[in-house]
Amino acid sequence: GERVKWNAPSFTDDGDDRVTLRLQPKDRVEIIFHRGAKRRTDAFEFVDPYGLIEWAAPDRGVVAVPDPAFIEQHRAALTELVAAWIVAAR
């Protein structure tokens, strides 16, 4: 599903936030990979074979997008990461 979170597009799986865009700061857009607001105690591991995600926590990562060229350059990798994240974050 889709909704607005942090005044930006957010994409959900079964009602839980999974991927949200962060439009601030102004020099980049951030793609936030997360597992929703529920407190989780289970062990979680996700492998980013492309090295694009910077990890804020084991189940919360950020891809900083500096410009549209980054999206074009990494389109296939980002598409694969989002799809894999949605499955793994369940």
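Which residues does Arg 35 touch, not counting residues up to four places away in sequence? The list is Asp 17, Arg 18, Arg 40, Asp 42, Phe 44, Asp 59, Trp 85, Ala 89 and Arg 90. Keep in mind as you explore that this is a predicted model.

- Four bridges pair strand 1 with strand 2 in the antiparallel sense, and here you can find Glu 2 opposite Phe 11 of strand 2.
- The hairpin of strand 1 and strand 2 has two residues between the strands, and in this hairpin Trp 6 takes a positive phi near 60°.
- Strand 4 (residues 29–33) and strand 6 (residues 60–65) also run antiparallel, joined by five bridges; in this pair, Ile 31 stands opposite Val 63 of strand 6.

- The largest pocket has a volume of about 250 Å³.
- Which element gives the most to the lining of the largest pocket? It is helix 1, with six residues.
- Strand 3, strand 4 and helix 1 each supply at least two residues of that lining.
- Among the lining residues you can look for Phe 11, Val 19, Leu 21, Val 29, Ile 31 and Val 65.
- The lining also includes Ile 71, Arg 75, Leu 78, Thr 79, Val 82 and Ile 86.
- Two of these names have come up already: Phe 11 is the residue opposite Glu 2, and Ile 31 is the residue opposite Val 63.

**Salt bridges**

- Asp 17 and Arg 3 form a salt bridge, with their closest N and O atoms 2.6 Å apart.
- Asp 17 belongs to strand 3 (residues 16–22) and Arg 3 to strand 1 (residues 2–5), so this pair ties together parts that are 14 residues apart in sequence.
- Are the two partners buried or exposed? Asp 17 counts as buried, because its relative accessibility is 3%, while Arg 3 is partly exposed, with a relative accessible area of 40%.
- Another salt bridge brings together the side chains of Arg 90 and Asp 13, at 2.8 Å from N to O.
- This second pair links distant parts of the chain, 77 residues apart: Arg 90 is in the segment after helix 1 (68–88), and Asp 13 is in strand 2 (residues 8–13).
- Arg 90 counts as exposed at 59% relative accessibility, whereas Asp 13 counts as buried at 15%.
- Glu 30 forms a salt bridge with Arg 28, and here the closest N and O atoms are 2.9 Å apart.
- Glu 30 is buried, with a relative accessibility of 9%, and Arg 28 is partly exposed, at 27%.
- Glu 30 and Arg 28 also belong to a network of salt bridges that links them with Arg 22 and Asp 27.

**Two residues to look up**

- Thr 12 sits in strand 2 and counts as buried, since its relative accessibility is 15%.
- Leaving aside neighbours within four places in sequence, Thr 12 is in contact with Gly 1, Glu 2, Arg 3, Asp 17 and Arg 18; Arg 3 and Asp 17 from this list are the salt-bridge partners described above.
- Thr 12 and Pro 68 are 56 residues apart along the chain, and 24 Å separates their C-alpha atoms.
- Arg 35, where this briefing began, is found in the loop between strand 4 and strand 5.
- Is Arg 35 buried or exposed? Arg 35 counts as buried, because its relative accessibility is 3%, and buried means under 20% relative accessible area.
- Among the residues that Arg 35 touches are Asp 17 and Arg 90; Asp 17 is bridged to Arg 3, and Arg 90 to Asp 13.

Notes: Residues numbered from 1 in each chain as written. Predicted model: local features only at pLDDT ≥ 70, side-chain atom pairs only at ≥ 80, totals over all residues. Heavy atoms only, no water. Salt bridge = Lys/Arg side-chain N within 4 Å of Asp/Glu carboxyl O. Buried < 20%, exposed > 50% of the residue type's maximum accessible area, 1.4 Å probe, protein only. Pairing = 2+ DSSP bridges. 1 Å grid on protein atoms, 1.4 Å probe; cavity = no way out; pocket = protein on both sides within 12 Å on 5 of 7 lines; lining within 4 Å. Points joined across faces, edges and corners; volume = space filled by probe spheres on them. Contact = heavy atoms within 4.5 Å.
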